[in-house]
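I opened the model to go through its chains, its packing and the places where two chains meet. These are my entries, in the order in which I looked things up.

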Amino acid sequence: MHPALTLAGKDLRQRLRDRSAVMLAVVVPLALAAIFSVLFGPSSTPRAFEYGVVDADGSAMTRGFTAEVLGALEDAEVAEVIALEDAAAARRQVRDGDLDAAFVLPAGFDTGVRGDAPVAIAVVGSPDSVTATSVARSVARSYVGGLNAVRVAVAAIGTSGVRLGPADIEQVAEQTVHGVSPVVLADVSAGARVLDAKTYFAAGMAVFFLLFTVQFGVSSLIDERAEGTLARLLAAPVPRWSILAGKLLTSVVLGVASLTVLVVATSLLLGATWGNPLAVAALVLCGVLAATGITAVVASTARTAEQAGSWQAVVAVSLGLLGGAFFPIQQSGSFLATASLITPHAWFMQGLANLSGGGGLGVVAPACVALLVMAAATGAVALARIDRVVAP
Amino acid sequence: MTSTQTLGTQRDATGREGSLLRCDRLKKTFGDLKAVDDVSFAIAPGETYGLLGPNGAGKTTCISMVAGVLEADGGTITVDGEPMTTRSLSAKSRIGYVPQDIALYPDLTGRENLAFFATLSRLGRREAKDRVAEVLEVVGLTDRARDKVQTYSGGMKRRLNIGVGLLHRPRLLILDEPTVGVDPQSRNAILASIEQLSTSGMAVLYTTHYMEEAERLCDRVGIVDLGRLIAEGTPRELTARLGEAQHIELTVEGDPTRVAMALRRLPVASRVSATAEGVVDVLVHDAGTALPEVLDEATGTGSAIRSVTVQEPDLEAVFLHLTGKRLRD
């Protein structure tokens, strides 16, 4: 058997007997993922806004708003809309929290628009649903803006001395509206896809604790140095690189085993949906390689087990926070979102987010490539420092 | 140390043919500290060679280079004709290394520890299994083979530590202070095992700061101090250098340094040293005639003498003679 395999076999046997390793690799991340998904799950899962609408006018124009504008929101699953009797009911339901916001189209709306009388669409908003109210106001403002464009066009023709009949006004309105670029709501990019809360926290905790799990392999070199067994390994007829390779192999096996158990456990116990198994497996392997490389570099700079433990913790927590293991870093502004890309966590989570929209290996390929580049760069640094790492 | 090639056999400065280990002008520095400074020695097959010196003399650094754990800054090492460096797998396969610390995995059983190191030593599966069983028998741990090492006593760990070094039947066994921290009973068992090994033809390189061990085990001894090999020979040859010198050991109540300073003025005392524990060593030509004078001078300092021991010349006296220090200073 190759010395690296012999060494990895010995290390894995030790780790299996070490309950703290099993706790850190599987139990703690699983428990935290469950707790976080229960605590933050409902509020972090995107849901449709709940709107009410009062059409006191009942005209073709108001039906255009309720059926076409609000109907489009329903079709896009952005909002659920219910019809209400009157403005008082709208205010009551919004105040009671049954609705996020309500639109009130008053009687005489159509007449007012066609004539000179001032008309308004009232938006009843809830202070507890700021985003939903803001969206409702924007929708109403956009619709009213379109109507105002028609009114301005008709008024402009009127001032030129041309007398317009109802049919003419209808034609002007159509031409005006069609001449204006429509307001569209579009998904900005594939990157905007988000994981559901259970999967997000399962993946976040799994990748966060991965950096702690893989350190049981590489950092055990420092323990072996302290306990004197490294001197014995160095005196054995095995090349030094195979000692490092054995330790790296231990890290990779531990990391893959830990993530695999977490993927299966969170799927079965928490209902997390990770996506295409083959693509998830590729992400897991690449993520483990990157984490192992980072841990190897940290281990190569430490001389004592205490030093290594402290530095590993600082690096793991810093990268976890920056990489979005605890909260979606993409929502914290473009600078942090860009900075997060130096972490394996961000790429791992990004790969999974992309996978949530469907697809297979091709979808996670960019994330896998980024993780492999990290693994190669950090691995090269660790190998360059082998004389310091594998030394008595 | 120089060597010459004679009719296909190597002959070194010790006059022994076919040295199994040859160290020539070894050097190792750590920063400004010369840990090993121009050390040369050779060991023949079946010979037990002791490196004797106080803690910090450079013994461990020296054998770490011989074991291929540390790279020498200068000089050469050959084991069974193979050059030894940190990358010499062939030379490493010929040695068994027993570090000073207990170099075992406490959360593995005794058998698992041996099996792991047997596989690393490139023994085949079958051979490894047989050798593990044999070594467990040799170190008297067959009954405890399935227990984790962390449950072993200090002596048992020491024995297993040595057993690991024997697994692949090395031509040269390197033992770095193997009896440190061991109870007298286990210590005797370890020393007896080593005596048995040397009779089986295995060469042994043994470091210690216990001169009794060096005298009991070693065919030849190299005395090391401050990184240099200051004397070498059989224990008899080394003690013969002192002529008829004898060794008076006084245990004093009071300031031993003051007593030592007073005794150094005596013409009969060739070397004097003192320890913090109140022991003063005096090297004299004839204890019978010198003793009254020594006692007068010592009591004259105001210190009370609690005990007096007169010993024939030994390696401790040799070390004292050469360095003015005790081995265990």
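Before starting, I wrote down the cut-off I would need: a residue is buried if 20 or more other C-beta atoms lie within 10 Å of its own. I also noted that this is a predicted model.

I looked up Val288(A), whose place is in helix H12 of chain A. Val288(A) has 28 other C-beta atoms within 10 Å, and therefore I put it down as buried. Leaving out residues up to four places away in sequence, I found that Val288(A) touches Leu210(A), Val214(A), Val252(A), Gly255(A), Val256(A) and Leu259(A). I also checked Leu372(A), which is 84 residues from Val288(A) along the chain, and the C-alpha atoms of the two are separated by 9.6 Å.

**Entry: the helix as a whole**

Is H12(A) largely enclosed or largely open? I found that 20 of its 25 residues are buried, so H12(A) is largely enclosed by the rest of the structure. I then compared its span with expectation: at 1.5 Å a residue, the 25 residues of helix H12 (residues 277-301) should span 36 Å, and the end C-alpha atoms are 36 Å apart, which agrees.

**Entry: nonpolar cores**

The largest nonpolar core has 184 residues, and I noted Leu283(A), Leu371(A), Val66(B) and Ile174(B) as those with the most contacts inside it. Helix H8 (residues 197-218) of chain A gives this core its largest share, 16 residues. For Leu283(A), not counting residues up to four places away in sequence, I listed contacts with Phe348(A), Gly351(A), Leu352(A), Val364(A), Ala367(A) and Cys368(A). Another core, of 28 residues, lies apart from the largest one, and Val53(A), Phe103(A), Val104(A) and Ala136(A) are among its members.

**Entry: chain A overall, and its confidence**

I counted 17 helices and 4 strands in chain A, and of its 392 residues, 42% count as buried. Among contacts in chain A with a separation of 6 or more, 75% come from residues 24 or more positions apart. The chain averages a pLDDT of 82, with 88% of the residues scoring at least 70. Among the elements of chain A, helix H7 (residues 166-179) has the lowest mean pLDDT, 62, whereas H10(A) has the highest, 93. Over residues 179-192 of chain A the pLDDT is below 50, and I noted that this stretch has 7 contacts in the model beyond near neighbours in sequence.

**Entry: helix H9 and what follows**

Gly228(A) follows H9(A) and has a positive phi, near 90°.

**Entry: where the chains meet**

How many residues of chain A are in contact with chain B? I found 17 residues of chain A in contact with 23 residues of chain B. On the chain A side, helix H1 (3-17) and helix H10 (229-235) each supply at least two residues, and by class that side has 10 nonpolar, 4 polar and 3 charged residues.

**Entry: chain B**

I noted that chain B is divided into domain 1 (3-239) and domain 2 (244-312), with 37 Å between their centres, taken over C-alpha atoms. I then looked up Leu191(B), which lies in helix H6 (residues 184-199) of chain B. Because it has 19 C-beta neighbours inside 10 Å, Leu191(B) counts as partly exposed. Leaving aside neighbours within four places in sequence, Leu191(B) is in contact with Glu213(B), Arg216(B) and Leu217(B).

Terms used: Residues numbered from 1 in each chain as written. Chains lettered and ligands numbered in written order. Predicted model: local features only at pLDDT ≥ 70, side-chain atom pairs only at ≥ 80, totals over all residues. Contact = placed C-beta atoms within 7 Å. Nonpolar A, V, L, I, M, F, W, Y, C, P; charged D, E, K, R; others polar. Domains from an automatic or database assignment. Core = buried A, V, L, I, M, F, W, Y, C linked by C-beta atoms within 7 Å. Buried ≥ 20, exposed ≤ 12 C-beta atoms within 10 Å, placed from the backbone. pLDDT = per-residue confidence, 0-100. Expected span 1.5 Å × (residues − 1).
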